[in-house]
Amino acid sequence: MKLKEYRKKRHFDVSPEPQGQAERSKEKSAQLIYVVQKHRASHLHYDFRLEWSGTLLSWAVPKGPSLDPSVKRLAMKVEDHPMECADFEGRIPKGEYGGGTVMVWDRGTWEPEAEDVDTALRKGELKFRLHGKKLRGSWVLVRTRGYGSRSDRSWLLIKHRDAYASKEDITIDAPRSVVSNRLLAEIARDEGGDVEEAATGDPVTKATRRAPEKKTLPRSQRARSQKA
């Protein structure tokens, strides 16, 4: 039942997204996985996912996570996703729900700092620790009042002050996939997607900026220039 909404929105004969098996449960001693997927659909956002009770609890974070504890990032709660989604990187066809390019931007494990996760979620304040390749340390998800009909889905993702807090903009400084080392534009190119659209989700840095093309004068103008 947890994946009913997820499956209702997608056509799995068209989209390569995993349909997912029946909800799985793990032993309490097993590590819980977490993943952040950078997703250039109709707009760029980051899908923040925490494994719990056999599925991936999911929030869409428009501006991506921030390592700065003074920065509160909006995180909109969306439907649970199947565990298999944690490995998905590629292209969702245009016209399908979430159509666009998907990158596995970060992944690792997480552990709750709350004694009872379900109660913390109901109360709207979940504290946890991340052990990822890009995101680490203590964090919190806090539900807010929000606006309109989706006010109950509005949360904030906030980094706690610890050794992993920083003013660094991790979304700019670490833009590549942790599984393939590709940028969004490179994933789109390899998967037959919209490269130009995907590239708008990649930061313009020295590593990603294209060298300017040299302008060549017509032969007649070159000759006049040389004589001068």
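## Ground rules

A residue counts as buried when its relative accessible area is under 20%, as exposed when over 50%, and as partly exposed in between (1.4 Å probe, protein chains only). This is a predicted model, where local features need pLDDT of at least 70, side-chain atom pairs count only at pLDDT 80 or more, and totals for chains, interfaces and linings use all residues. Residues are numbered from 1 along each chain as its sequence is written, and side-chain values use heavy atoms, with hydrogens and water left out.

## Helix 4

Helices (H or I, at least four residues) and strands (E, at least two) are DSSP runs, numbered from the N terminus. In helix 4 (residues 184–191), the buried residues are Leu 184, Ala 185, Ile 187 and Ala 188. Looking down the helix axis, they fall within an arc of 160° (taken from the directions from the axis to the C-beta atoms), so they line one face of helix 4. Their cover includes strand 1 (32–40), strand 6 (100–112) and helix 5 (195–199), with contact meaning heavy atoms within 4.5 Å. Just past helix 4, Gly 192 has a positive phi of about 75°.

## Strand 4

Strand 4 (residues 73–81) has 8 of its 9 residues buried, so the rest of the structure largely encloses it. Strands pair if DSSP finds at least two bridges between them. Strand 4 pairs antiparallel with strand 3 (residues 55–61) over 4 bridges, and Leu 56 sits opposite His 81. Another 4 bridges join strand 4 to strand 9 (residues 154–159), also antiparallel; there, Met 76 has Ser 154 as its bridge partner.
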